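This report concerns the annotated active site and its surroundings. The sequence and structure are shown first.

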Amino acid sequence: MAASGSERVAVELCKGINGLDKVVLGEPRGASAEVYLYGGHVTSWKNDHGEELLFVSSKAIFKPPKAIRGGIPICFPQFGSHGSLEQHGFARNRFWSIDTDPPPFPTNSKSFIDLILKPSEEDMQKWPHSYEFRLRVALGPGGDLMLTSRIRNTNADGKPFTFTFAYHTYFSVSDISEVRVEGLETLDYLDNLQNKERFTEQGDALTFESEVDKIYLSTPTKIAILDHEKKRTFVLRKDGLPDAVVWNPWDKKAKTMADFGDDEYKHMLCVEAAAVEKPITLKPGEEWKGRLELSTVPSSYCSGQLDPQKVLQSS
């Protein structure tokens, strides 16, 4: 699938860390992304200057059955501890396959990969449902990263199933104390640090000075993450995912995580497009679709403020 002229190869299957298979997506202007088949896990997204936009811990363990710490883990069929399964479900530590016969799918991207996950017999014992989980990871012409998940109930016994879901995206930031998140003001959230109790966010942009683990409810389709030092704003657009999880472990929690550096909390922030509060139920034959699109724009501050609402109002 080599591109013509000086353009880069669009899609390449190769070996990653510890010999794990990965797919590298490239875009002619230089943007790239990497997806490990283990977990269907995006571990890198670089802009056309080659700057890494996702955070992966220097201590991440690229070795099954441990999930990879960073990038975009997929939480399915359970987010967090919202159920009886292992933390965040099992999709993030299964080997996915390349989907050789994906259903038709409109795209303006030449650089994409289709992956598929089906349950193993072992999975069926933990979660006795048959499904097809199709994931497309695409790199847009401008270097945007797009993830589309389609989950279909293929139960032969006529039974519906219910799941929760998240794209657990770890963004790379220069300094967490200089980061603001816009789009979640005044919304209700469940605080995981206070037994999932419900609170209402105040009216200002979110800033960070301690551990945070919140599930914001009924969130807008667009959220902006402003990195003051880099003068860069991440724009997260989502579809089919009403909730947004915001997480940073801060210093004490960081020290308890073996696969996370003690000071790495300063350089990451998770803002996760999710469906948690109202689990999704599919009858046999029904399909759910959840989409995430990540892009970056330069951000200009005047007296410490973002140019009023420009990012959130532009389409």
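## Annotated active site

The unreviewed UniProt entry places the feature "active site" at His168 and Glu272; UniProt positions are in the numbering used here, feature names are shortened, and annotations may be inferred rather than shown by experiment. The two are spread over 105 residues of sequence, yet they cluster in space, with a largest C-alpha distance of 4.8 Å. Both His168 and Glu272 belong to the lining of the largest pocket (on a 1 Å grid over the protein atoms alone, a pocket is an open set of points with protein on both sides within 12 Å along at least five of seven lines, and lining residues have an atom within 4 Å of a point).

## Basis of the model

The model is predicted: local features need pLDDT of at least 70 and side-chain atom pairs pLDDT 80 or more, while totals for chains, interfaces and linings use all residues. Residues are numbered from 1 along each chain as its sequence is written, and side-chain values use heavy atoms, without hydrogens and water.

## Setting of His168

His168 lies in the loop between strand S10 (161–167) and strand S11 (170–172); strands are DSSP runs (E, at least two residues), numbered from the N terminus. Because its relative accessibility is 7%, His168 counts as buried (under 20% relative accessible area, 1.4 Å probe, protein chains only). Beyond four places in sequence, its contacts (heavy atoms within 4.5 Å) include Cys75, His88, Trp247 and Glu272.

## Setting of Glu272

Glu272 is part of strand S19 (residues 268–282) and is buried, with a relative accessible area of 1%. Among the residues it touches beyond four places in sequence are Tyr167, His168, Asp243 and Trp247.

Key. On a 1 Å grid over the protein atoms alone, a cavity is a set of points where a 1.4 Å probe fits but cannot get out, and a pocket is an open set with protein on both sides within 12 Å along at least five of seven lines; lining residues have an atom within 4 Å of a point. Helices (H or I, at least four residues) and strands (E, at least two) are DSSP runs, numbered from the N terminus. Buried means under 20% relative accessible area, exposed over 50%, partly exposed in between (1.4 Å probe, protein chains only).
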